[in-house]
Amino acid sequence: MLSRLSPYWLWVVLALPALPMIPQIISDPAAAKQLVHPTGEFAARFMIIAMLATPLMMLFRTRRWPRWLMHHRRHFGVAAFVYAALHLCFYLIKIGSLPAVLAEFGQFRIWTGWAAFAIFVPLAVTSNNLAQRLMRQKWKTLQRLTYGAAVLTFLHWAALKDWGGLAPALVHFTPVILLSAWRIWYWYLRPRPVRATA
Ligand code: HEM
């Protein structure tokens, strides 16, 4: 059933969290203040889902749903970027002026967000078949920056409200942390059968 879902429907599903925000922001620009939260959360959630595709595929090789996720992970990555861009727009509307932006730029909880977003931009721009073909091996190297963006997003979230964001950040990132640890074990530490030498 999942594999028959058209990619257009997936875009609709990914856009659903943003739909109620449109009338809110049109009728009252002050609503931007409340919209910073959900857009940041959905950016992080979609990034996490995209990151889970490869390890889930390795763990559940025979199942269809990890293959579906693997095939569509680019959709989740692009959705993460779009929600992060909305998050940034609402933040800028909320804060209201360039001096105010610059005044808090140096704070750990803020520059980590900017740094994560700076990594998101080249990832989103190259998230297409043409870039993948043109860049060849460099494309894979660039994609690995996702891990840097994930660490920065985790720190950004955790450091909010005097590190009061740590618990929700941990809840969301635990699957990525566990599955990344499993991947490291699988590739580098897993006991392998010793080959007999002739
Ligand atoms: C572009 C630069 C960014 C800035 C200036 C920024 C700023 C902020 C601010 C001020 C908050 C606190 C909102 C509040 O308490 O009212 C916040 C929350 C958050 N941001 Fe960002 N952010 C940025 C990028 C990102 C990115 C790239 C992500 C994820 C991919 C992200 C994910 C989050 C999350 C998950 C929260 C917590 C939402 C909650 O309170 O539940 N942010 N951000």
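1. Of the 22 residues around the ligand, H37, E41, H87, K94 and H156 come nearest.

2. The model is predicted: local features need pLDDT of at least 70, side-chain atom pairs count only at pLDDT 80 or more, and totals for chains, interfaces and linings use all residues. Residues are numbered from 1 along each chain as its sequence is written, and side-chain values use heavy atoms, with hydrogens and water left out.

3. The protein has 10 helices and zero strands; helices (H or I, at least four residues) and strands (E, at least two) are DSSP runs numbered from the N terminus. The order of elements from the N terminus is α-α-α-α-α-α-α-α-α-α. Along its principal axes, the C-alpha trace spans about 75 × 40 × 35 Å. Of the 198 residues, 35% count as buried, where buried means under 20% relative accessible area, exposed over 50% and partly exposed in between (1.4 Å probe, protein chains only).

4. The ligand takes up the space of the second largest pocket. Pockets are found on a 1 Å grid over the protein atoms alone: a cavity is a set of points where a 1.4 Å probe fits but cannot get out, whereas a pocket is an open set with protein on both sides within 12 Å along at least five of seven lines, and lining residues have an atom within 4 Å of a point. A molecule sits in a cavity or pocket if more than half of its atoms lie within 2 Å of its grid points. Two or more residues of the shell are given by each of helix 3 (32-59), helix 4 (64-95), helix 6 (108-125) and helix 9 (145-163).

5. By class, the shell comprises 13 nonpolar, six polar and three charged residues. Ala, Val, Leu, Ile, Met, Phe, Trp, Tyr, Cys and Pro count as nonpolar, Asp, Glu, Lys and Arg as charged, and the others, Gly among them, as polar.

6. An N or O atom in the side chain of E41 is 2.6 Å from a ligand oxygen, and a polar side-chain atom of K94 lies 3.1 Å from an oxygen atom of the ligand. For H156, a polar side-chain atom lies 2.8 Å from a ligand nitrogen.

7. The structure holds two salt bridges, each defined as a side-chain nitrogen of Lys or Arg within 4 Å of a carboxyl oxygen of Asp or Glu. E41 is bridged to R45, with the closest N and O atoms 3.1 Å apart. These two residues are four apart in helix 3 and so are separated by about one helical turn. R45 is partly exposed at 27% relative accessible area, and E41 is partly exposed at 29%.

8. The other bridge joins R109 to E104, the closest N and O atoms being 3.7 Å apart. R109 is partly exposed, at 27%, whereas E104 counts as buried, at 17%.

9. T112 lies in helix 6 and is buried, with a relative accessible area of 0%. A polar atom of the T112 side chain lies 2.6 Å from the backbone oxygen of F108.

10. A31 is found in the loop between helix 2 (21-27) and helix 3, and counts as buried at 5% relative accessibility. A31 and K94 are 63 residues apart in sequence, and their C-alpha atoms are 8.5 Å apart in space.

Conventions. A residue is near a molecule or strand if one of its heavy atoms lies within 4 Å of it. A polar contact is a pair of N or O atoms within 3.5 Å; within protein, one must be able to donate a hydrogen and the other to accept it, and residues adjacent in sequence count only if both atoms are side-chain atoms.
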